[in-house]
Amino acid sequence: MFFDFSSAFNTIQPRLLRAKLEKMQMDAPLVSWIEDYLTGRPQFVRLRSCVSDPLMSNTGAPQGTVLSPFLFTTYTADFQYHSETCHLQKYSDDTVIVGCVENGQEDEYRDLVESFVRWSRENLLQLNMTKTKEMVVDFRKSKSPPSPVCISGKDVEIVSSYRFLGVQLDNKLEWSTNTDAVYKKAMSRLYFLRRLRSFSVCSRMLHMFYQSVMASTIFFAAVCWGAGIKAKDANRLNKLIKKAGSVVGCRLDNLDEVVRDRMVLKLRTIMDSPSHPLHNTVDKLRSSFSNRLLQPRCSKERYRKSFLPSAIRLYNSSKPSQ
């Protein structure tokens, strides 16, 4: 269940935020400073020489500031949930409830959704029901359409794909939809790269533009989808990278090389960080004899191509032989 808040940062209530900060035992002067920062803010609209009457704002956080996402995260930090079958994921104002439903037992999932909706209402956060979506991942051979979840008298729409944190997810756990979106966005940036070359921009500046504008689009979240992408989709992106290389005038790292390096780097980060959620999982895969990471047993091809098995395989192949 992907939730969408209406004007999330604009709905922060300073009074409620102050109570939450005090409960966290934050320093009193800092709490008072934050409350003063959010209240009594004059704002007006200017159009050429015309200026509207000022309006005093006592809710929300100023748009575009570094502090706004942090304050919203703090404002919503008191609602947390995690169990073996259900958990709540939050990143700033993006919130999703993930539930594993077995044998039709979805009471915990629906209760969690109801609790989150009730908590949002109590904290004066308004859910945008037209943008709140549900996606069902079901690989059973015989399956029946699930009954929709009703929130505030409206059924939540069930979708086959959803853009979450910049990545297109679908109910088949495939990445063709995401590849299409990445390819389309990268092609538009390739046009600007070619335009820069037509103005006789030097190769060094072209390479800088590629890395900062085009490569950041192609390889965004590649650790997530890089190992599970289909060969035809990988070929499309590699051809695009090759075209960019001909414009820049040098060879550019292809998709396989970037994915390999980033996955190994992410795995090393997990191994070196005991606080990471996957640290204990990775540590249990070590061989008691050689301390080498062992491949987890994979009965499904989807799992075999997911992050952990793929990263361990690449990590083992990158280590020099003893």
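This is a dialogue between two colleagues about how to read features of a predicted model.

Colleague: Let's start with the whole chain. How many helices and strands does the protein have?

Modeller: Keep in mind that the model is predicted. The protein has twelve helices and 13 strands. Its C-alpha trace spans about 65 × 60 × 45 Å along the principal axes. There are 322 residues, and 36% of them count as buried.

Colleague: What share of the contacts with a separation of 6 or more comes from residues 24 or more positions apart?

Modeller: That share is 60%. As for the surface, the protein exposes about 20300 Å², and carbon and sulfur atoms supply 53% of that area.

Colleague: Which residues does the "domain: Reverse transcriptase" annotation cover?

Modeller: The annotation comes from an unreviewed UniProt entry and covers residues 1-169. In the model, that span is 27% helix and 23% strand, and its end C-alpha atoms lie 12 Å apart.

Colleague: Why are Glu-22 and Arg-18 separated by about one helical turn?

Modeller: Because they are four residues apart in helix H1, which runs over residues 14-23. Glu-22 is partly exposed, with a relative accessible area of 44%, and Arg-18 is also partly exposed, at 23%. The pair belongs to a network of salt bridges that links Arg-18, Glu-22 and Glu-35.

Colleague: What are the N to O distances in other pairs, say Arg-140 with Asp-138 and Arg-251 with Asp-253?

Modeller: The side chains of Arg-140 and Asp-138 meet at 2.9 Å, N to O. For Arg-251 and Asp-253, the closest N and O atoms are 3.7 Å apart. Arg-251 counts as exposed at 60% relative accessibility, while Asp-253 is partly exposed at 44%.

Colleague: And a charged residue without a partner? Which side chain of opposite charge is nearest to Asp-233?

Modeller: That is Arg-236, 4.3 Å away. Since a salt bridge needs a nitrogen and an oxygen within 4 Å, Asp-233 has no salt bridge, although it is buried. Asp-233 sits in helix H8, residues 231-248. Leaving aside neighbours within four places in sequence, Asp-233 is in contact with Trp-175, Ser-176 and Thr-179.

Colleague: Is Ser-92 buried or exposed?

Modeller: The cut-off for buried is under 20% relative accessible area. At 19% relative accessibility, Ser-92 counts as buried. Leu-173 is another residue other than glycine with a positive phi, near 55 degrees. Leu-173 is found in the loop between strand E13 (167-170) and helix H5 (176-198), and it is partly exposed, with a relative accessible area of 49%.

Colleague: One last residue. Where is Val-182, and what does it contact?

Modeller: Val-182 is in helix H5 and is buried, with a relative accessible area of 10%. Beyond its neighbours within four places in sequence, Val-182 is in contact with Thr-217, Ile-218 and Leu-237. To compare sequence and space, take Val-182 and Ser-288: they are 106 residues apart in sequence and 42 Å apart in space, C-alpha to C-alpha.

Note on methods:
Residues are numbered from 1 along each chain as its sequence is written. This is a predicted model: local features need pLDDT of at least 70, side-chain atom pairs count only at pLDDT 80 or more; totals for chains, interfaces and linings use all residues. Side-chain values use heavy atoms; hydrogens and water are left out. Buried means under 20% relative accessible area, exposed over 50%, partly exposed in between (1.4 Å probe, protein chains only). Helices (H or I, at least four residues) and strands (E, at least two) are DSSP runs, numbered from the N terminus. Contact means heavy atoms within 4.5 Å. UniProt positions are given in the numbering used here, feature names are shortened, and annotations may be inferred rather than shown by experiment. Lys and Arg count as positive and Asp and Glu as negative; His and the chain ends are not counted. Accessible areas come from the Shrake-Rupley method with a 1.4 Å probe; for residues, only the protein chains shown count as cover.
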